[in-house]
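Below is a short report on one protein model. Please read it alongside the sequence and the coordinates.

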Amino acid sequence: KQWYQRRVAITAGITTLYLHGNQLMSLNEVKRLSGLPGLRTLTLHGNPLEALDGYRQFVLGTLPSLKQLDFSSVTKQDRADAENWKKLCSKKMKMSKKKKAAE
């Protein structure tokens, strides 16, 4: 196997990732983790992005395989909130694109 194929195989097997206190500022950093399909436990506590509106909903909507986030279990209500947040953000993005196209 090529080195990059081994790397993908290794990262795909990651189930737990502790990234607390790493000065992560943007929710875009979370999107990069979507390539880890086996990720079940994630800790981002202590990063500036934790204070952003919709932080928990965004993370859970982006990483639906998570069972635990920031040392707390993901509940059915968390999942429902994340789904609603995702729908709301999708609508806002569509409206913004239409507004820009009209200008």
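What is the accessible surface of the protein, and what share belongs to carbon and sulfur atoms?

## Surface and burial

The accessible surface comes to about 7400 Å², and 56% of this belongs to carbon and sulfur atoms. These areas come from the Shrake-Rupley method with a 1.4 Å probe; for residues, only the protein chains shown count as cover. The protein has 103 residues, of which 26% count as buried. Buried means under 20% relative accessible area, exposed means over 50%, and partly exposed lies in between (1.4 Å probe, protein chains only).

## Basis of the model

This is a predicted model: local features need pLDDT of at least 70, side-chain atom pairs count only at pLDDT 80 or more, and totals for chains, interfaces and linings use all residues. Residues are numbered from 1 along each chain as its sequence is written, and side-chain values use heavy atoms, with hydrogens and water left out.

## Elements and contacts

The protein has 4 helices and 4 strands. Helices (H or I, at least four residues) and strands (E, at least two) are DSSP runs, numbered from the N terminus. Read from the N terminus, the order is α-β-α-β-α-β-β-α.

Contacts (heavy atoms within 4.5 Å) were also sorted by sequence separation. Among those between residues at least 6 apart in sequence, 59% join residues at least 24 apart.

## The sheet

The 4 strands form an open sheet with mixed pairing, in the order E1-E2-E3-E4. Strands E1 (16-18) and E4 (72-73) stand at the edges. Each has a single partner strand, so one side of each is left without a neighbour in the sheet.

Two strands pair if DSSP finds at least two bridges between them. Strand E3 (residues 68-69) is joined to E4 by 2 bridges, and these strands run antiparallel. Leu69 stands opposite Ser72 in E4.

## Salt bridges

The structure holds 2 salt bridges. The term requires a side-chain nitrogen of Lys or Arg within 4 Å of a carboxyl oxygen of Asp or Glu.

Asp78 counts as buried because its relative accessibility is 16%.

Arg32 and Glu29 also meet through their side chains, at 3.7 Å, N to O. Arg32 counts as exposed, at 66% relative accessibility. Glu29 counts as partly exposed, at 29%.
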